[in-house]
Amino acid sequence: MGEKWVLMKTAQTPTNIAVIKYWGKRDETLILPVNDSISVTLDPAHLCTTTTVAVSPAFQQDRMWLNGKEMSLSGGRYQNCLREIRKRAREVEDKERGIKIEKKDWEKLHLHIASYNNFPTAAGLASSAAGFACLVFALAKLMNVSEDESQLSAIARQGSGSACRSLFGGFVKWIMGKEDDGSDSLAVQLVDEKHWEDLFIIIAVVSSRQKETSSTSGMRESVETSSLLQHRAKEVVPKRTIQMEEAIQYRDFASFAKLACADSNQFHAVCLDTLPPIFYMNDTSHRQVLVYICWIISYVEKWNRSEGTPQVAYTFDAGPNAVLIARDRKAAAQLIQRLLFYFPPKSDTDLDSYLLGDKT
Ligand code: 2P0
């Protein structure tokens, strides 16, 4: 191998939104959950991470930049992903440029990783999901790894639990698995992105501030203190997962909406049942956020009842941003019109003040 070459690969991975939530780990190091979860992967054109990975004999150490800023790779989660991918690296040859990397060379070669999110990092929009999924996928391409997406998902899972679900499009299930080594805790695609094309997903970015309690520490506290979490994991989610899979399979929006809203509400109830309580649906620095959230939930609930059949499902993750899933284009248009009427943006260009007007 000469010293003057760089080999690069780029991947793009969308984020995913859980409709049956993952909340709680049974193993913190391997990132093994206490229940199955189901998500929908967003269109890669919108909320996604783009990651370029490069290898060169000239690189002295592994380095990473996120949105242009260098960050440490020393954390266990990055190291676990890098180690697992390196283990599976195979020979790579670029005949045109006269580059050949043998399997054994990957041990000593260093990587440079540049990652870019086109949405707010750590504001409850699952940035770590898209980030780790993209990192693992890009490295697998660079290193000619032969594992399929489900096998790669078990590696991405060790970066961030929800990341395992971003390796597929459409609706995806993260099977919690039974094994202690995590080998069967992986994602599978339930249906692809063409299966339910009528659905419209609207994300109302209420606050792009970094959340106060990270998901990792929040779910640890819930596992330690919430009895509702135990009930949810053992009694509620196993049945709800089967019902949700059926609703997705048959494109049964009424059941889908009922289950998704109930699951979001129960996840936040678990957060409230945690000691000390966690309030993800609020942003304590902006009083108006709570007004907005309450309005959205009661508006959707009333609208769904008045139509006789649900038009929109809401779901909230570990932050106050509302994810609204409309049954079709007509319902989506009506919803956006209502949102803009009640919460007009202050200026066309200031996305931060979108919907909420100015910060209070
Ligand atoms: C989910 N969330 O299923 C749930 C719903 C937030 C609320 O997955 O500790 O960032 O890295 O495994 O994956 C957020 O948790 O946590 C999450 P770690 P992660 O989407």
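**Loops and a helix crossing in a predicted model**

Asn-144 counts as partly exposed because its relative accessibility is 32%, where buried means under 20% relative accessible area, exposed over 50% and partly exposed in between, with a 1.4 Å probe and protein chains only. The structure is a predicted model, in which local features need pLDDT of at least 70, side-chain atom pairs count only at pLDDT 80 or more, and totals for chains, interfaces and linings use all residues. Residues are numbered from 1 along each chain as its sequence is written, and side-chain values use heavy atoms, with hydrogens and water left out.

Asn-144 sits in the loop between helix 2 (127-142) and helix 3 (149-156), helices being DSSP runs of H or I with at least four residues, numbered from the N terminus. Its phi is near 60 degrees, a positive value in a residue other than glycine. Phi of Arg-251 is also positive, near 50 degrees, and this residue lies in the loop between helix 5 (227-249) and helix 6. With a relative accessible area of 45%, Arg-251 is partly exposed.

Further along, Pro-276 belongs to the loop between helix 6 (253-272) and helix 7, and the peptide bond that leads from Leu-275 to Pro-276 is cis, with omega near -10 degrees.

Which residues of helix 7 meet helix 8? Tyr-292, Trp-295, Ile-296, Tyr-299 and Trp-303 in helix 7 are in contact with Ala-331, Gln-334, Leu-335, Arg-338, Leu-339 and Tyr-342 in helix 8, contact meaning heavy atoms within 4.5 Å.

Methods:
Helix = DSSP H or I, 4+ residues; strand = E, 2+ residues; numbered from the N terminus.
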